[in-house]
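Dear colleague,

Please find the structure below, for your study.

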Amino acid sequence: MRTLSPASKDHILSMLDSGYTASHIATSTGHGIGTISRLCSKHRSHLSKSLGGCPSKLSSANIRHAQRLISSGKVDTAVNVAKVLRNVTNQSLSIQTVRNGLKAAGMKAVVKKKKPFLSKRHRRERMDFALRHQHWTVEDWKKVVWSDETKINRLGSDERKWVWKKAGESLSNRLVQETQKFGGGSVMV
């Protein structure tokens, strides 16, 4: 291993300070990339290191635009976001790239909750009811008869059932939810 002269060492450090990459410095000075990396680690440890890999197709502005599209309700899925961003960036863009960008930004895909649809008339009637009864006391509410309805299934639940399984485990009875033709029926009470 040959030693570096102080002049070449200073030249390499000045190039590092200027923002040149180790490979560019190696080709221009004739020293190895390992030598330049060791110099950088020893004398310029504060310099940021390249994480490597391919540069992202999505900029932070694109990710913020995607978040805005989702939060405003213009799009629902990563597929729709990818279509919009393809038009904006004019480059091919994978749906998985969009998903990864949204996950990195702190967003998470979840199953939509089911709620009853409320039209403008329903919302107005609910608001009128709330305003009419906002000053009722506990004694006023005790005079109200509360009722509700429920659906009772003859066989099991309508919900999704989850089960844990080991990797490579073959199909067994505990991994299957048995169903009956026509669902077994239900009763509303």
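What share of the contacts in the protein chain with a separation of 6 or more comes from residues 24 or more positions apart? Such residues account for 49% of those contacts, where contact means heavy atoms within 4.5 Å.

Please note that this is a predicted model, in which local features need pLDDT of at least 70 and side-chain atom pairs count only at pLDDT 80 or more, while totals for chains, interfaces and linings use all residues. Residues are numbered from 1 along each chain as its sequence is written, and side-chain values use heavy atoms, with hydrogens and water left out.

**Overall fold.** The protein chain has 8 helices and 2 strands, which are DSSP runs numbered from the N terminus (helices: H or I, at least four residues; strands: E, at least two). Along the sequence, their order is α-α-α-α-α-α-α-α-β-β. Of the 189 residues, 16% are buried; this means under 20% relative accessible area, whereas exposed means over 50% and partly exposed lies in between (1.4 Å probe, protein chains only).

**Nonpolar cores.** A nonpolar core is a set of buried Ala, Val, Leu, Ile, Met, Phe, Trp, Tyr and Cys residues joined through side-chain atoms within 4.5 Å. The largest one has 12 residues, including Leu 58, Ile 63, Leu 85, Leu 93 and Val 98. Helices α4 (60–72), α5 and α6 each supply at least two residues of this core, and α5 gives the most, with 4 residues. Apart from this core lies another, of 9 residues, among them Met 15, Ile 25, Ala 26 and Leu 39. Leaving out residues up to four places away in sequence, Leu 58 touches Ile 63, Leu 85, Leu 93, Thr 97 and Val 98.

**A loop residue.** Asn 90 lies in the loop between α5 (78–89) and α6 (95–104). Although Asn 90 is not a glycine, its phi is positive, at about 55 degrees. Is Asn 90 buried or exposed? Asn 90 is exposed, because its relative accessible area is 67%.

**The surface.** The protein chain exposes about 16,200 Å², of which carbon and sulfur atoms supply 55%. Accessible areas come from the Shrake-Rupley method with a 1.4 Å probe; for residues, only the protein chains shown count as cover. Ile 152, found in strand β1 (residues 151–153), counts as partly exposed because its relative accessibility is 46%.

Yours sincerely
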